[in-house]
Amino acid sequence: MAEKYLTYEYNIDGENFTTAGEASVNLKRVLRRIGFAPEVIKRASIAMYEGEINMVIHAGGGVARVNIYEDKIVITLDDNGPGIADVELAMKEGYSTAPDKIRSMGFGAGMGLPNMKRNADKLEISTRLGEGTTITMTITVAATATAND
Amino acid sequence: MKISEIAKILNGSVLCCGEHTCGEVFSACGSDMMSDVLAYVKNQALLLTGLVSPHAIRTAEMMDMKCVAFVRDKTPGEDILALARKHGIVVIKTPLRMYEACGLLFAGGLRGDIDTDINAGVCG
């Protein structure tokens, strides 16, 4: 395994939808500074942003941990929310349990989890009803995909 | 198309980052659903939206967009403009509705890759 560069931990405030996404903006800045390729930065940022929004909408917040390696970025989203009753259904594009209030704020179109999967090379979901959900996303960095190459 | 020309076609006012209006964009996306923008937009550098929220700016930042145009004369608050300034995103306000704004820009030459737009970019 390649050497780990950095580890970041973000507390996601579940009470404030307006500030949701700030951790993703911070992560994007970190990845830019390191010099990852724009395509890798974009995929990691979108996956994290969708995850952050989901944690605020459905789980009352949680913790996001990001481990940055030379060859991959691993994002782990951990919450103590209600869990996902049917993961297969939740992965379907367009399926959402978000309330109308969230839709009026531009989210809740049922694209969160599918979009996280689309942008990550690997997505794992571990969920228990009434206890919470852990989502791990791995974004692989191709050998040639750094801006400094 | 230069952002300054976009503002002109939209009969819009530039609300912040006017120093970046010489930047060029080649395609645009119109949507009020940020979920769709995050899911379907590829390389559109202009977001037209009626969603007056910091998430319009944050989504634009995630997608490496250069400009956000608020349609239907919606006026973003200072918090939204401050966020846009932080990320160097030009904000325009236009009295036009979404359909008219998109139509005028398309007719004005902001077409981008039409095939890509049909399949992935026009989302609302």
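How many C-beta neighbours inside 10 Å does B:Asp64 have, and does that make B:Asp64 buried, exposed or partly exposed? The first legend takes that up, after a word on the model. This is a predicted model, where local features need pLDDT of at least 70, side-chain atom pairs count only at pLDDT 80 or more, and totals for chains, interfaces and linings use all residues. Residues are numbered from 1 along each chain as its sequence is written, while chains are lettered from A and ligands numbered from 1 in the order in which they are written.

**View 1**
B:Asp64 has 14 C-beta neighbours inside 10 Å, so B:Asp64 counts as partly exposed. The cut-offs go like this: buried is 20 or more other C-beta atoms within 10 Å of a residue's own, exposed is 12 or fewer, and partly exposed is in between, with C-beta atoms placed from the backbone. Look for B:Asp64 in the loop between helix 3 (54-62) and strand 4 (67-70) of chain B. Helices (H or I, at least four residues) and strands (E, at least two) are DSSP runs, numbered from the N terminus. B:Asp64 isn't a glycine, yet its phi is positive, at about 60°. B:Cys17, not a glycine either, also has a positive phi of about 60°. Most residues other than glycine have a negative phi. B:Cys17 sits in the loop between strand 1 (13-16) and strand 2 (28-30) of chain B, and B:Cys17 is buried, with 22 other C-beta atoms within 10 Å.

**View 2. Helix 3 of chain B beside helix 4 of chain B.**
The axes of helix 3 and helix 4 (residues 78-87) of chain B come within 8 Å and cross at roughly 15°. Axes here are lines fitted to C-alpha atoms, for helices over the stretch in contact, with angles running from 0 to 180 degrees between N-to-C directions. Helix 3 and helix 4 of chain B are therefore roughly parallel; angles under 35 degrees count as roughly parallel, over 145 as roughly antiparallel, 65 to 115 as roughly perpendicular and the rest as oblique. From helix 3 of chain B come B:Pro54, B:Ile57 and B:Glu61, which meet B:Asp79, B:Ile80, B:Leu83, B:Ala84 and B:His87 in helix 4 of chain B. Sorted by class, that contact has five nonpolar, one polar and two charged residues. Ala, Val, Leu, Ile, Met, Phe, Trp, Tyr, Cys and Pro count as nonpolar, Asp, Glu, Lys and Arg as charged, and the others, Gly among them, as polar.

**View 3. B:Val68 and the largest nonpolar core.**
The largest nonpolar core has 79 residues, and B:Leu46, B:Cys67, B:Val68, B:Ala69 and B:Ile89 touch the most other members. Such a core is a set of buried Ala, Val, Leu, Ile, Met, Phe, Trp, Tyr and Cys residues joined through C-beta atoms within 7 Å. Helix 2 (residues 38-59) of chain A gives the most to this core, with eleven residues. Setting aside neighbours within four places in sequence, B:Val68 is in contact with residues including B:Leu47, B:Ile57, B:Ala84, B:Ile89 and B:Val91. Contact takes C-beta atoms, placed from the backbone, within 7 Å of each other.

**View 4. Helix 1 of chain A against helix 2 of chain A.**
These two axes come within 9 Å and cross at roughly 165°, which makes helix 1 of chain A roughly antiparallel to helix 2 of chain A. The crossing is right-handed. Among the residues making the contact are A:Leu27 and A:Leu31 of helix 1 of chain A and A:Ile41 and A:Met48 of helix 2 of chain A. By class, there are seven nonpolar, two polar and three charged residues.

**View 5. Helix 2 of chain A against helix 5 of chain A.**
Here the axes come within 9 Å and cross at roughly 155°, so helix 2 of chain A is roughly antiparallel to helix 5 of chain A. This crossing is left-handed. Residues of helix 2 of chain A including A:Ile46, A:Ala47 and A:Glu50 meet A:Gly112, A:Asn115, A:Met116 and A:Asn119 in helix 5 of chain A. The classes come to four nonpolar, five polar and two charged residues.

**View 6. A:Tyr8 in strand 1 of chain A.**
A:Tyr8 lies in strand 1 (residues 4-13) of chain A and is partly exposed, with 14 other C-beta atoms within 10 Å. Leaving out residues up to four places away in sequence, A:Tyr8 touches A:Leu27, A:Val30 and A:Val66.

Methods: Two residues are in contact if their C-beta atoms, placed from the backbone, lie within 7 Å. A crossing is left-handed if the near helix is turned anticlockwise from the far one by less than a right angle, and right-handed if clockwise.
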